[in-house]
Amino acid sequence: MVSSTAAGTTLAISAAAPATFDAAGYGALTFTEIGGVEKLGALGADTETVAFQPLKGPKEKHKGPTDYGTLNPPIAHDKSDAGQTLLRTASGPTNHALYSFKATMPNGDKRFFQARVFGYPEVIEGAASIVMATPRIEICTVIVKDDAV
Amino acid sequence: MSETKKLARIKSDFSDNGTGESYTKGQKLSLDKGVFDNYVAAGLAEAATARATPRTKPKGKAAPAAKAASKTSAASPPAGEDLGTSD
């Protein structure tokens, strides 16, 4: 197994929903790449631990509900970027729609999911910094893996 | 995979980081349906008609024609009233 840097990873968004929630369904969609993404962060499910400590014996740990996570990718704000514009549209407070996302790794592996965008705050730091945005993307579906051959 | 093409009118200047394409406000072009749908959802494009330029009525010519029409219409009853029925 060969490890690699994250350089070349992309994140893209689509307003459409897949016909089927698998690699084929997501693969048929057209995605618009989001420019200026600095990093994605952790991408994957986290299942709650439900613990029970009997009087006798070790603590039992069971799997509870699963949260498929949140992305807060820092983005160099560019109002002329089509992907960022769609992301801003998705973040509207009264926009309850699910959007489809595709993360593509440098080796061609893809991760698909649907999410709602809960905000697109613009971050303005000091003079020697880039105007950034930190959207909150709440993942609402199972993350579908489509690894390159 | 082939997609249906859609005729789009660009509503504001923007660029697509994934395709490397840039678009100008007012530009009219054919886009793949999936691309078109995303741009429309983002408010960046809208469906366009096939007409290259919008039809406009020349203001100067309309006035004399309207006066001539009003003179002729005063001489004869409006069409349809003689029969008393409509199609």
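Q: Why is A:Phe113 called buried?
A: In this predicted model, A:Phe113 has a relative accessible area of 0%. Buried means under 20%. A:Phe113 therefore counts as buried.

Q: Which residues is A:Phe113 in contact with, leaving aside its neighbours within four places in sequence?
A: Among them are A:Tyr26, A:Leu43, A:Leu71, A:Phe101, A:Ile137 and A:Val142.

Q: What makes A:Phe101 buried or exposed?
A: The relative accessible area of A:Phe101 is 0%. The cut-off for buried is under 20%, so A:Phe101 is buried.

Q: What parts does the pair of A:Phe101 and A:Phe113 tie together?
A: A:Phe101 lies in strand β7 of chain A, and A:Phe113 in strand β8 of chain A. The pair therefore ties together parts 12 residues apart in sequence.

Q: How do you know what kind of pair B:Tyr23 and B:Tyr39 form?
A: The ring centres of B:Tyr23 and B:Tyr39 are 5.5 Å apart, with the planes at 65°. Planes over 60 degrees apart count as edge-to-face. That is why this pair is edge-to-face.

Q: Where do B:Tyr23 and B:Tyr39 lie?
A: B:Tyr23 is in strand β3 (residues 22-23) of chain B, and B:Tyr39 is in helix α1 of chain B. They are 16 residues apart, and the pair links distant parts of the chain.

Q: Why are B:Tyr23 and B:Tyr39 called buried?
A: B:Tyr23 has a relative accessible area of 8%. For B:Tyr39 the value is 1%. The limit is under 20%, so B:Tyr23 is buried and so is B:Tyr39.

Q: Which residues have the most contacts inside the largest nonpolar core?
A: They are A:Leu87, A:Phe101, A:Phe113, A:Ile137, B:Leu31 and B:Tyr39. This core has 33 residues. Elements that give two or more residues to it include β7 (99-104) and β8 (110-119) of chain A, and α1 (33-41) of chain B. α2(A) gives the most, with four residues.

Q: What links A:Phe21, A:Tyr26, A:Phe31 and A:Phe112 into a cluster?
A: Ring pairs do. Over all chains, the count comes to seven aromatic pairs.

Notes. Residues numbered from 1 in each chain as written. Chains lettered and ligands numbered in written order. Predicted model: local features only at pLDDT ≥ 70, side-chain atom pairs only at ≥ 80, totals over all residues. Heavy atoms only, no water. Core = buried A, V, L, I, M, F, W, Y, C linked by side-chain atoms within 4.5 Å. Buried < 20%, exposed > 50% of the residue type's maximum accessible area, 1.4 Å probe, protein only. Contact = heavy atoms within 4.5 Å. Phe/Tyr/Trp six-rings, centres within 6.5 Å; stacked < 30°, edge-to-face > 60°.
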